[in-house]
Amino acid sequence: MKTTILSTFIVIGTTVMSQAQALSWVNYDKENSPLPSNSINSIFSDESGTWVGTEAGLAFFDGSDWIIYDEESSELPDNHVRDIDADIWGNTWVATDKGIVKINEAGWHFYNTSNSGLPSNLTRSVSTDSEGNLWVGTWGSGIARLIGNQWTVFDMSNSELPSNGVFSVEVDDLAHVWVGTFNGGVSYFDGQNWTNYNTSNSQLPHDHVRSIALESNGTTWFGTDDGLAKHANGTWTIYNYQNIGYSFHTVFEGLKDASGKLYFATDGGLLRFDASGFNVFTSQNSNIPSNNIRCITQGPHGNLWLGTGNNGISIYSPLGTLGVSEAEDNSNLMTVYPNPTIENISFNLDEPISGNIAIDVRNTLGQIVVTQNVTHSTGQQHAIDLNKLTTGIYHLTVQSSNALNTKTFYKL
């Protein structure tokens with residue numbers, strides 16, 4: 001398997017470097033990272049890192065390096081990555097327009113209509129239950145379940161599924177399946193019987209149900225094309241632009257974080273619910289680069305990873321504790337400050353040398369964006385003008401006669 005590995009050397013941590021300003025937001029796009037596309041369809045985090053599904057391939061970020069997979073450079077069957085999940089066995093499942101992929105330490109395995117019981121290659125959702133069984137939502141052929149090597153298909157011809165166009169499949173703690181459909185509302189399957197909710201028989205605000213978020217107390221949230229619906233103990237509560245005062249319509253995905261707050265990715269920003277009520281993060285009141293938020297996951301240290309429709313990824317720390325950590329530090333003989341910075345970066349060499357030193361600043365693609373040679377005297381401070389650089393992650397390398405020193409910094 002071929003891979004493309006590119007370094008970014010940013011680590012999101014709960015402890016901010018003593019010289020680093022606390023941050024709430026960090027953004028990645030094609031300009032400051034190896035992301036293959038700014039159009040993000042799916043994002044998923046586990047202990048090993050964060051997977052990102054885009055319109056031009058699959059990306060994986062382990063905290064320091066990006067690994068990019070596409071049709072040309074890897075075994076990925078299709079660049080349109082629709083959804084990502086992981087099962088209890090450590091397999092990562094990826095839904096594409098040409099079937100699904102299982103990724104593990106043994107390699108990549110593909111399932112499509114030619115080699116399996118998958119009813120369509122146009123897969124839109126993958127989800128696994130507590131026993132490791134796989135559920136796949138397709139576009140036009142219903143849903144499929146994989147138990148061991150046995151496939152079972154549920155569609156409009158053999159079940160009460162109201163639509164063969166499936167946006168989302170989720171499995172609750174009881175192994176019951178929830179299916180969000182195109183123009184059919186939402187279906188609930190307990191293994192024997194189907195229950196359907198739509199605009200005709202419930203208060204569901206729209207029959208396009210794009211996302212389902214499940215709480216452990218039995219409360220279920222449905223993201224639709226006309227707002228958000230909460231279903232708890234037989235009672236419906238609707239949140240949309242008409243009754244909460246924020247401009248949004250489509251709700252693409254939701255999650256409940258470790259602190260109990262609920263977040264929803266919408267076409268009008270990031271919607272948050274907590275004990276005090278709700279609010280919305282937008283490009284007007286925060287550093288989100290776009291209000292069109294398509295997907296969300298909770299990554300390492302409680303940070304939220306948000307995928308946008310056309311502006312890449314935003315990482316949000318609810319505690320404002322994002323900072324730059326030095327993942328590549330070949331020597332303790334150099335100090336850089338301030339970090340993050342706005343206009344310039346200064347450094348000291350904590351070694352008794354005098355003479356010529358070479359300075360390079362590289363972006364996350366490894367391209368040199370600033371270079372110069374200076375004459376150094378012991379204890380002397382040097383400042384580098386960064387006004388021509390865009391916001392992002394950079395690496396400062398200083399080569400002296402004694403050592404090669406590299407530090408990472410973030411330009412605001």
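**A strand and its neighbours**

Author: In this predicted model, strand 20 is covered on both faces, with Thr220, Phe222 and Thr224 buried on one side and Trp221 and Gly223 buried on the other.

Reader: Why is strand 20 described as largely enclosed?
Author: Five of the five residues in strand 20, which spans residues 220–224, are buried, and therefore the rest of the structure largely encloses this strand.

Reader: Ok, and which way do strand 19 and strand 20 run?
Author: They run antiparallel, and five bridges join strand 19 (residues 209–214) to strand 20; in one of these pairings, Leu214 has Thr220 as its bridge partner. The hairpin of these two strands has five residues between them, and there Gly218 takes a positive phi near 95°.

Reader: What about strand 21, how many bridges join it to strand 20?
Author: Five bridges join strand 20 to strand 21 (residues 227–232), again with an antiparallel run, and Trp221 stands opposite Lys230 of strand 21. A hairpin of two residues connects strand 20 to strand 21.

Reader: Switching topic, how many residues are in the largest nonpolar core?
Author: That core has 18 residues, and those with the most contacts inside it are Phe347, Ile384, Leu396 and Val398. Several strands each supply at least two of its residues, among them strand 31 (344–349) and strand 35 (392–399). A second, separate core has 16 residues, including Tyr28 and Ile393.

Terms used
Residues numbered from 1 in each chain as written. Predicted model: local features only at pLDDT ≥ 70, side-chain atom pairs only at ≥ 80, totals over all residues. Heavy atoms only, no water. Core = buried A, V, L, I, M, F, W, Y, C linked by side-chain atoms within 4.5 Å. Buried < 20%, exposed > 50% of the residue type's maximum accessible area, 1.4 Å probe, protein only. Helix = DSSP H or I, 4+ residues; strand = E, 2+ residues; numbered from the N terminus. Pairing = 2+ DSSP bridges.
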